[in-house]
Amino acid sequence: MSDDSDALFRCQRCGESYDYSVYQSFESGPPIWSASGGCRGCEGRIEIDGGGLPPAEFRQIIYAREGVHELVIAPGADAISTLRELQAILEIPTKSLAPLAKNVPGPVLWGTPSEMKWLASVLGGRGITASVSPKDPATDSGSLDLKELVPEGWEPSWM
Ligand SMILES: [Zn+2]
């Protein structure tokens with residue numbers, strides 16, 4: 001955690017922590033998120049938003065409310081072109097493609113519902129059928145954490 005992100009979680013006026021509400025939505029472009037925090041100790045408020053992936057702490061808040069979801073590549077998908085598209089969309093380093101390859105077709109990635117729906121939609125536009133479903137926490141489907149795959153600071157381009 002950098003000093004920068006500490007400012008997100010500690011009130012600069014009184015030093016108490018914030019209670020956050022976090023929203024992420026997906027319409028025609030990549031998901032955008034916004035977070036609204038209220039200080040537990042004073043009247044301090046903080047509002048932030050961004051594209052790309054929300055910080056880990058905010059992801060936990062979204063997961064708690066909406067559940068962890070998986071992107072599932074439909075049977076019959078061509079593994080090579082699916083991986084190529086995922087790499088192009090997410091800027092996944094080549095060395096990280098092998099573990100993904102094992103799961104095409106099938107559940108490849110997990111993340112927030114908005115992120116997974118956006119990915120399914122972009123893949124659909126490129127001829128690859130994918131669906132989104134809640135991830136069963138009791139079983140390990142082999143899907144990978146989107147947050148761990150994309151480069152630090154990644155933001156989706158509008159496509
Ligand atoms: Zn405060």
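1. E91 sits in the loop between α3 and α4. In this predicted model, E91 has a positive phi of about 55 degrees although it is not a glycine. Most residues other than glycine have a negative phi. Is E91 buried, exposed or partly exposed? E91 counts as partly exposed because it has 14 C-beta neighbours inside 10 Å, and that class lies between the exposed limit of 12 or fewer and the buried limit of 20 or more.

2. Most peptide bonds are trans. P105 belongs to the loop between α4 (97–101) and β5.

3. The protein is divided into domain 1 (3–65) and domain 2 (69–149). The centres of the two domains, taken over C-alpha atoms, are 26 Å apart. Contact between them involves 8 residues of domain 1 and 6 residues of domain 2. On the side of domain 1 that touches domain 2, β1 and α2 each supply at least two residues. The residues of that side are 5 nonpolar, 2 polar and 1 charged.

4. Helix α2 (residues 56–66) deserves a separate look. Its buried residues are F58, R59 and I62. Seen down the axis of α2, these buried residues fall within an arc of 105 degrees, so they line one face of the helix. A56 and A64 are exposed residues on the face of α2 turned away from its buried side. The buried residues of α2 pack against β1 (18–25), β2 (32–39) and α6 (146–149). After α2 comes G67, with a positive phi near 85 degrees.

5. Strands β2 and β3 (residues 45–50) run antiparallel and are joined by 6 bridges. The hairpin that joins β2 to β3 passes through 5 residues. G37 stands opposite I46 in β3.

6. A further sheet is open and has 4 strands, in the order β6-β4-β5-β7, with mixed pairing. Which are its edge strands? They are β6 and β7 (144–145), each of which pairs on one side only. Strands β4 and β6 run antiparallel, and 5 bridges join them. The bridge partner of L71 in β6 is V132.

7. The largest nonpolar core has 27 residues. Those with the most contacts inside this core are L71, I73, V108, L119, A120 and A130. At least two residues each come from β4 (69–73), α3 (79–90), β5 (106–111), α5 (113–125), β6 (130–134) and α6. Which element gives the most to this core? That is α5, with 6 residues.

8. Leaving aside neighbours within four places in sequence, A120 is in contact with L71, A130, S131 and V132. L71 and V132 are also bridge partners. A second, separate core has 5 residues, V22, A35, F58 and I62 among them.

Key:
Residues are numbered from 1 along each chain as its sequence is written. This is a predicted model: local features need pLDDT of at least 70, side-chain atom pairs count only at pLDDT 80 or more; totals for chains, interfaces and linings use all residues. The arc is that of the directions from the helix axis to the C-beta atoms. Two residues are in contact if their C-beta atoms, placed from the backbone, lie within 7 Å. Domain bounds come from an automatic or database domain assignment. Ala, Val, Leu, Ile, Met, Phe, Trp, Tyr, Cys and Pro count as nonpolar, Asp, Glu, Lys and Arg as charged, and the others, Gly among them, as polar. A nonpolar core is a set of buried Ala, Val, Leu, Ile, Met, Phe, Trp, Tyr and Cys residues joined through C-beta atoms within 7 Å. Two strands pair if DSSP finds at least two bridges between them.
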